[in-house]
Amino acid sequence: QNAGQVAEKMLASLAQVHDLDMLPFHCTASLGITTFGAKNEPLDEIIHRADQAMYAAKAAGKNTYRSTEPA
């Protein structure tokens, strides 16, 4: 739940118009969130789940987040 709140704040911050050398710049993001599983879970499995969640966010229309849980 907290990760979702952080993701929403990140997306809102990125969605604001930023001034880059007097040019307006607008950015969006697709975020993937996961939690740690087993105590000795390999890092590549955690990253893989977060990556899958990010691609699910992209498929949902971008500028959003999705999360996954360990199996």
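This note sets out several features of the structure above, point by point.

1. Basis. The structure is a predicted model, in which local features need pLDDT of at least 70 and side-chain atom pairs count only at pLDDT 80 or more, while totals for chains, interfaces and linings use all residues. Residues are numbered from 1 along each chain as its sequence is written, and side-chain values use heavy atoms, with hydrogens and water left out.

2. Helix α1. Helices (H or I, at least four residues) and strands (E, at least two) are DSSP runs, numbered from the N terminus. Helix α1 covers residues 2-15, and its end C-alpha atoms lie 20 Å apart, in agreement with the 20 Å that its 14 residues should span at 1.5 Å a residue. The expected span is 1.5 Å times one less than the number of residues.

3. Gly4, Ala7 and Leu11 are the buried residues of α1. They cover an arc of only 60° around the axis, which puts them on the same side of α1; the arc is that of the directions from the helix axis to the C-beta atoms. The face turned away from this buried side carries the exposed residues Asn2 and Lys9. Buried means under 20% relative accessible area, exposed over 50%, and partly exposed in between (1.4 Å probe, protein chains only). Glu8, also in helix α1, counts as partly exposed at 47% relative accessibility.

4. Strands β3 and β4. The buried residues of α1 pack against β3 (30-34) and β4 (64-68). Four of the five residues of β3 are buried, so β3 is largely enclosed by the rest of the structure. β3 and β4 pair in the parallel sense over five bridges, and Ser67 in β4 is the bridge partner of Ile33. Strands pair if DSSP finds at least two bridges between them.

5. Nonpolar core. Ala7, Leu11, Ala29, Leu31 and Ile33 form the largest nonpolar core, to which α1 and β3 each give two or more residues. Such a core is a set of buried Ala, Val, Leu, Ile, Met, Phe, Trp, Tyr and Cys residues joined through side-chain atoms within 4.5 Å. Leaving aside neighbours within four places in sequence, Ala29 is in contact (heavy atoms within 4.5 Å) with Leu11, Leu14, Lys62, Asn63 and Thr64.

6. Backbone points to check. Asp21, in the loop between β1 (18-20) and β2 (23-25), has a positive phi of about 50° although it is not a glycine. Asp21 is exposed, with a relative accessible area of 76%. Asn63 likewise has a positive phi of about 50° without being a glycine; Asn63 lies in the loop between α2 and β4 and is partly exposed, at 33%.
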